[in-house]
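Me: Could you walk me through a few local features of this model? I'd like the cut-offs spelled out along the way.

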Amino acid sequence: MHHALKHQIFERPPNPRRRSAIVAAGCGLVLLGPAARYAQAAPAQGAWRYCRKCHVMFFNGYPAKGTCPGGAGHEAAGYTFVLPYDAPETAGAQRNWRFCQKCNAMFFDGFPAKGACPAGGGHAAAGFNFVLPHSAPETPVAQAGWRFCDKCNAMFYDGYPDKGLCKAGGGHRANGFNFVLRHTTDYPAKVAHLTTAGAPMLNVLQIMWRDQGRRVMGEGMQQAINGRRFSDGVNGYDTEANIGDMVPTIRPAGENRFAVEMNAPGNNIKFHATTPTIFGAAMDPAFRVGFGMLVKFEMNVRNARPAIDIASVDASLRDASVHGANAVGTLVETVGDFFTGGDFSRSITERINGDPAARAQLSKAVAAALDQVF
Ligand SMILES: [Zn+2]
Ligand SMILES: [Zn+2]
Ligand SMILES: [Zn+2]
């Protein structure tokens with residue numbers, strides 16, 4: 001198979017929706033470093049790895065692992081890097097980094113001399129033209145310390161005292177920019193970082209709430225009321241829940257575990273109730289309930305997809321006010337007791353806790369919001 005074609009298989013499509021989602025959320029607190037902004041704007045290829053024997057960056061997406069100065073093929077270790085290509089050069093990103101089709105390493109192709117290839121002669125470029133971010137701070141999703149070796153022209157990791165094995169002899173020698181290369185996410189490290197910094201993780205929770213959370217909670221509430229028997233012949237139906245914004249807090253609660261509280265002060269539910277009357281549905285009582293809500297849950301983070309697992313959901317209502325139309329006083333009282341007496345809170349809590357699909361939706365929503373940051 002032709003090399004360029006094989007490369008194409010690993011191409012990741014650009015994701016313009018991700019950026020627009022961040023803008024739409026209007027979150028000035030979302031952390032987007034120059035490197036991250038860049039990586040999200042350009043297409044990127046995964047399967048780039050560090051070689052534990054020679055310390056260069058090599059493409060691990062083929063069965064054959066190229067030619068390593070340490071003998072045989074390269075051996076992958078550590079992060080899986082996701083490297084951007086086909087973008088303009090900027091003050092923070094350098095073009096002309098290429099895959100060498102002889103040794104599988106990443107090398108700089110911007111000079112007439114093509115360095116020292118472990119497979120003999122100079123490196124030979126194939127596939128994408130990578131544009132690699134440099135001169136930015138390291139983050140939980142991008143590693144600094146990647147350098148150009150001015151002896152062999154390959155990209156190598158300079159973060160260890162041992163400088164690996166250079167085809168030109170001895171170890172590699174760093175020159176030029178300090179590259180900061182994006183890798184697949186270490187979610188526990190990322191969440192810990194965002195939580196230590198405070199505001200960004202709260203921002204993630206708010207994005208989650210707006211995108212998915214309040215819909216999931218609202219659906220749980222609708223299910224809790226529709227078909228609910230308040231008294232003889234009086235059952236709820238046509239429930240419509242409007243869940244407002246919330247203010248989150250988060251604190252560590254063990255290894256890769258966090259306690260989250262979300263305080264949503266302004267919500268309301270409208271519904272009707274059947275009555276055993278001869279007048280039909282037109283005379284059915286209608287209710288509007290205003291209430292505040294505190295939702296607590298435990299959030300576990302792991303380095304897999306989905307990265308978030310939500311457990312121990314606890315929803316409690318406060319300041320419920322019940323308004324009824326076409327309803328006699330005793331029925332308003334009965335419905336009011338349901339909301340203020342804890343039955344509704346218990347019902348929501350049991351519903352979300354007992355429904356793996358609902359918790360999975362919330363978990364995925366947090367994971368998706370996390371992916372919008374960095
Ligand atoms: Zn190697
Ligand atoms: Zn080479
Ligand atoms: Zn070298």
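Reply: Happy to! A residue is buried if 20 or more other C-beta atoms lie within 10 Å of its own, exposed if 12 or fewer, and partly exposed in between, with C-beta atoms placed from the backbone. This is a predicted model, where local features need pLDDT of at least 70 and side-chain atom pairs count only at pLDDT 80 or more, while totals for chains, interfaces and linings use all residues. Residues are numbered from 1 along each chain as its sequence is written, and chains are lettered from A and ligands numbered from 1 in the order in which they are written.

Me: Is asparagine 96 buried, exposed or partly exposed?
Reply: Asparagine 96 lies in strand E5, residues 93–100; strands (E, at least two residues) and helices (H or I, at least four) are DSSP runs, numbered from the N terminus. Although asparagine 96 is not a glycine, its phi is positive, about 75°. Because 15 other C-beta atoms lie within 10 Å, asparagine 96 counts as partly exposed.

Me: What is the phi of asparagine 256?
Reply: Asparagine 256 sits in the loop between strand E13 (247–252) and strand E14 (257–273). With 18 other C-beta atoms within 10 Å, asparagine 256 is partly exposed. Its phi is positive in a residue other than glycine, near 55°.

Me: How far apart in space are histidine 183 and alanine 142, C-alpha to C-alpha?
Reply: Histidine 183 belongs to the loop between strand E10 (174–182) and helix H4 (187–196). Leaving out residues up to four places away in sequence, histidine 183 touches Tyr79, Thr80, Phe81, Val82, Val141, Ala142 and Gln143; contact means C-beta atoms, placed from the backbone, within 7 Å. Histidine 183 and alanine 142 are 41 residues apart in sequence, and their C-alpha to C-alpha distance is 5.7 Å.

Me: How are H4 and H5 oriented to each other?
Reply: The axes of H4 and helix H5 (residues 199–225) come within 5 Å and cross at roughly 110°. Axes are lines fitted to C-alpha atoms, for helices over the stretch in contact, and angles run from 0 to 180 degrees between N-to-C directions. Angles under 35 degrees count as roughly parallel, over 145 as roughly antiparallel, 65 to 115 as roughly perpendicular and the rest as oblique. So H4 is to H5 roughly perpendicular.

Me: At which residue does H5 bend?
Reply: The bend at a residue is the angle between axes fitted to the seven residues ending there and the seven starting there. For H5, a bend of about 60° is found at tryptophan 209.

Methods
Two residues are in contact if their C-beta atoms, placed from the backbone, lie within 7 Å.
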